[in-house]
Amino acid sequence: MANLTPIEVVDQRLHEDVKRYGKIETFSAKSSLYTPDEMQKYFFFVLEGRIKVYQIHFEDAKEQTLMILQSGDMYDVVTLLDGQLHENILEAIDDVKIILFPIEIVRNWMHDDENFNRLLLPYLAKQMRHIEELALDLSFLDTSKRLLKLISKELDPSTPHSKLLHNLTHEEIASLIGTVRKVLNRHIQKLKRDGILSVSRKNIEIKDRQKLLAQLPIEP
């Protein structure tokens, strides 16, 4: 089971519910997904593409991206657990495919199927750690260090690109680290001068991994 993706676990253990209640939905890049009201009724697994989960401070229109969902992620575990409205906005970064379920069906799995809980509980812990790390980074790290941490995530030795950041605008990257495009661009230009990055259009390429890793903040 450890090697299965979340949807494979669900499909194996709860096959009849998947066939009866699961619904494949697709969204084009840059389109909005469900409203918070709708997500009180539904729960989904991401099959393909990336989804930005963010909030807007309406007084100054500043965005803060909370996470980017990718293949294998699920949403929304918070509403699944407490049944309350969760005021997040969902936007497809790429063309996206999900499998959608009525949230009450997923609550039944949570109550009745220990295999689903073996999937859900570690995933919930992972999301809690992510939000905790985001809060600490915003409090304790400057913009440069936050940017370096973000770029270093999901480093793949086979490619100079970050799968997480591929084709994101500078505005979207800025909202991931709690800053604005103008400030982000200043830090990107410095990393370019230092020979760590090269930037073309919406692609950030890592030129010197060792320099990048050497500048990362030391984890406690």
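1. Let's start with the loop between strand S1 (23-27) and strand S2 (42-48), which holds Lys-30. This is a predicted model, so please read each value here as computed from it. Lys-30 has a positive phi of about 75°, although it is not a glycine. For background, most residues other than glycine have a negative phi.

2. As a reminder, most peptide bonds are trans. You will find Asp-76 in the loop between strand S5 (74-75) and helix H3 (77-82).

3. Another lysine to visit is Lys-52, in strand S3 (residues 51-57). Lys-52 has a relative accessibility of 4%, so it counts as buried; the cut-off for that is under 20%. What does the side chain of Lys-52 make a polar contact with? The partner is the side chain of Glu-63, at 3.4 Å. Leaving aside residues up to four places away in sequence, Lys-52 also touches Thr-65, Met-67, Ile-89, Leu-90, Glu-91, Ile-93 and Glu-172.

4. Now to the helices. In general, two packed helices are described by the angle between their axes and the distance between the axes. Helix H4 (residues 103-112) and helix H5 (residues 114-140) pack at an angle of about 105°, and their axes are 6 Å apart. That angle makes H4 roughly perpendicular to H5. On the H4 side the contact involves Val-106, Trp-109, Met-110 and Asp-112, which meet Glu-114, Phe-116, Asn-117 and Leu-120 in H5. By class, the residues of this contact divide into 5 nonpolar, 1 polar and 2 charged.

5. Asp-112 deserves a point of its own. Asp-112 lies in helix H4 and takes part in the contact with H5. Is Asp-112 buried or exposed? With a relative accessible area of 66%, Asp-112 is exposed. Asp-112 and Asp-94 are 18 residues apart in sequence, and their C-alpha atoms are 35 Å apart in space.

6. Next comes the pairing of helix H6 (residues 143-152) with helix H8 (residues 181-193), which pack at an angle of about 70° with axes 10 Å apart. H6 is therefore roughly perpendicular to H8, and the crossing of the two is right-handed. Thr-143, Ser-144, Leu-147, Leu-148 and Ile-151 in H6 meet Val-183, Leu-184, His-187, Ile-188 and Leu-191 in H8. The contact of H6 with H8 has 7 nonpolar and 3 polar residues, and no charged ones.

7. How many of the residues of H6 are buried? The count is 8 of 10, so the helix is mostly covered, where buried means under 20% relative accessible area. Among the buried residues are Arg-146, Lys-149, Leu-150 and Ser-152. The buried residues of H6 pack against H5, helix H7 (170-176), H8, strand S8 (197-200), strand S9 (203-206) and helix H9 (209-215). At the start of H6, a side-chain oxygen of Asp-142 comes within 3.2 Å of the backbone nitrogen of Ser-144.

Definitions and conventions: Residues are numbered from 1 along each chain as its sequence is written. This is a predicted model: local features need pLDDT of at least 70, side-chain atom pairs count only at pLDDT 80 or more; totals for chains, interfaces and linings use all residues. Side-chain values use heavy atoms; hydrogens and water are left out. Helices (H or I, at least four residues) and strands (E, at least two) are DSSP runs, numbered from the N terminus. Buried means under 20% relative accessible area, exposed over 50%, partly exposed in between (1.4 Å probe, protein chains only). A polar contact is a pair of N or O atoms within 3.5 Å; within protein, one must be able to donate a hydrogen and the other to accept it, and residues adjacent in sequence count only if both atoms are side-chain atoms. Contact means heavy atoms within 4.5 Å. Axes are lines fitted to C-alpha atoms, for helices over the stretch in contact, and angles run from 0 to 180 degrees between N-to-C directions. Angles under 35 degrees count as roughly parallel, over 145 as roughly antiparallel, 65 to 115 as roughly perpendicular and the rest as oblique. A crossing is left-handed if the near helix is turned anticlockwise from the far one by less than a right angle, and right-handed if clockwise. Ala, Val, Leu, Ile, Met, Phe, Trp, Tyr, Cys and Pro count as nonpolar, Asp, Glu, Lys and Arg as charged, and the others, Gly among them, as polar.
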